[in-house]
Every structure is written in structure tokens, then in C-alpha cells.
Amino acid sequence: MPTLIHLSDLHYGPGHDAHLDEIILNDIAALNPDAVIISGDFTMRARHGEFARARAFLAGISRPWLAIPGNHDQPIFQPLERLTRPFARYEQYVHNGVDSTLEANGLFLLGLNDNHPLLPGGFWSRQQRAWVEEQAARAPRDAVKVVVTHHQLLWEGKWRPAGFWYPTRALAFLARHGVELALNGHTHVPSAAQMPPGIVVARAGTASSGRTRHGNSNGYNLIAMDDKQIAVFVRHYDAQPDAFVTSRAFTFPRRVGARG
Ligand SMILES: [Fe+2]
Ligand SMILES: [Fe+2]
């Protein structure tokens, strides 16, 4: 049964809680997922020192991982760098290449950079769409295809990413290529839902930054799949046991029609 841990929005910098990092790394070692996903916003202001701390955290992950950058991972105080090489620092410290794939135990993960240097994100270029098509075509036939972006495909009337005016089109595109699960972060509010093409869209909150929102404490998602269903467990930090505990669970049927 493939399992994933989905972290997001660590935001190294002011307000980051290093104690939570320790617990998360221990949870990863104990839960032993097939892969760990970190869906962007590693830093607060894309400073070198913030990225260096992110790299140290990644070095402590005991399982294969896949990462993408978030909007905060583009330099903000260096406008020329932001416009010309927005992900140079991300590539220096986190991962060489902003779009990437990972195969693990029946999972085929595609990380897609959907940031824009000037506009709220949610943009996939024509080249990125072609890349998704190519990668989906080479995925093992029975693999569960998962796409990871930073910005939310489901925006619930708030924080609409500029590039996702038509989320149903994006979901239809992903469904055509056999994607069953779409993961994102950015809003710092966890959620999970199954959308009409049958794709499960799940969002992780902020794992370890002080930027918690709307009463959600820090958290991450644990995702488990079998032949019939996809389960998303939202795990919130609870100070009393000083641990992440499962506070919500969602279960969705896997839609046969979505399989590639
Ligand atoms: Fe964030
Ligand atoms: Fe973000």
C-alpha cells in the first residue's frame, strides 16, 4: 500500500519552529512512507541563510523526497534576480531543477513549478504541459500518478492563483493523463476533496512556520492508497502530547477511469 507524507510551507526565517522539524523528521522515520513531498515555500524571503536551513532539514529526511519551489522561494529584495533567475537559489540549495519526477513503490510523482515572478501563481507553461504529457506517458502502467504544485487548484473563493482561472480545465488536463491525486500548499490551510474528473485534491497546511491561519495549528498530511481508495489523514501539532496527531481523515474511491 503506497504511502506519502506531504509537507508544505516550512518558511525558514522569522517564526520558524525548529522543534517541530525534529518531531517531523522522527515521524518520517517512524511512519516510513514511500516518499515525502515538500510543496514549496521553504523560506520566508529566499535568503541564503534560510535556504541553508532548508537544506539541512532535507538532509535529515530518511526517505526519498520530491520538492518544488513556492512563491516565497523567489528573491524579493533583489528584483533583477527575481526577474531573471528566480529559482537560482532554490536550485543551489534544494534541488537542481524546478520540475522533477520521483518513482516509489507504485507511485509516479510529478512536481510542477507553478510560480510567477510578478503575479500570484498557478501558471503552467506550454512546455510544462508537454513535459507532463511526456512524463505521464512514460510512467509505469499501474502507477498512481500524483501531481504536486505549490498553488491551490481549489481556491474556494479566496486567494485565487492568477493562473488558475479555470481549475476545471486544469483538472480535466490532468485526468486525461491519468493523474489521480493533486497536492498543493500555499494557503496554510489543510483540505481534501474529490473533484468531478475523479481526481483527489489535497492540501497540506504549514508544517513548521508561525504563519498558521484560521485556527489551524501546524500540520502535515499522511496519504495512503490501495487498489480501491485514497485516504488523506490531516495531522495537526498538539502541544500537550507534543506530537502531531491525526485530527481529520478523508477517504475517497479511486476512479478507474482516471487510471492511465
Ligand atoms: Fe506559504
Ligand atoms: Fe506560497
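Predicted model: local features only at pLDDT ≥ 70, side-chain atom pairs only at ≥ 80, totals over all residues.
Residues are numbered from 1 along each chain as its sequence is written, while chains are lettered from A and ligands numbered from 1 in the order in which they are written.

## The overall picture

The C-alpha trace spans about 45 × 45 × 35 Å along its principal axes. Six helices and twelve strands make up the secondary structure of the chain; both are DSSP runs numbered from the N terminus, helices being H or I with at least four residues and strands E with at least two. Buried residues account for 47% of the 260. "Buried" means 20 or more other C-beta atoms within 10 Å of the residue's own, "exposed" means 12 or fewer, and "partly exposed" is in between, with C-beta atoms placed from the backbone.

## Two sheets

Strands pair if DSSP finds at least two bridges between them. One open sheet has six strands in the order β3-β2-β1-β10-β11-β12, with mixed pairing. Its edge strands, each pairing on one side only, are β3 (65–68) and β12 (243–253). Another open sheet of six strands runs β4-β5-β6-β7-β9-β8, also with mixed pairing. At its edges sit β4 (100–104) and β8 (191–194), each pairing on one side only.

| Strand pair | Sense | Bridges | A facing pair |
|---|---|---|---|
| β1 and β2 | parallel | four | L7 and I38 |
| β7 and β9 | parallel | four | A182 and V201 |
| β8 and β9 | antiparallel | four | A192 and A202 |

R203 stands opposite N184.

## Inside the protein

The largest nonpolar core has 65 residues, and L7, I37, V146, V148 and L181 touch the most other members. Such a core is a set of buried Ala, Val, Leu, Ile, Met, Phe, Trp, Tyr and Cys residues joined through C-beta atoms within 7 Å.

Contact, for two residues, means that their C-beta atoms, placed from the backbone, lie within 7 Å. Leaving aside neighbours within four places in sequence, V146 is in contact with L107, F108, L109, L110, L181 and L183.

Now for I230, found in strand β11 (residues 229–238). I230 counts as buried because it has 25 C-beta neighbours inside 10 Å. Not counting residues up to four places away in sequence, I230 touches E180, L181, V200, I223, M225, F252 and R254. I230 and P2 are 228 residues apart in sequence, yet 9.7 Å apart in space, C-alpha to C-alpha.
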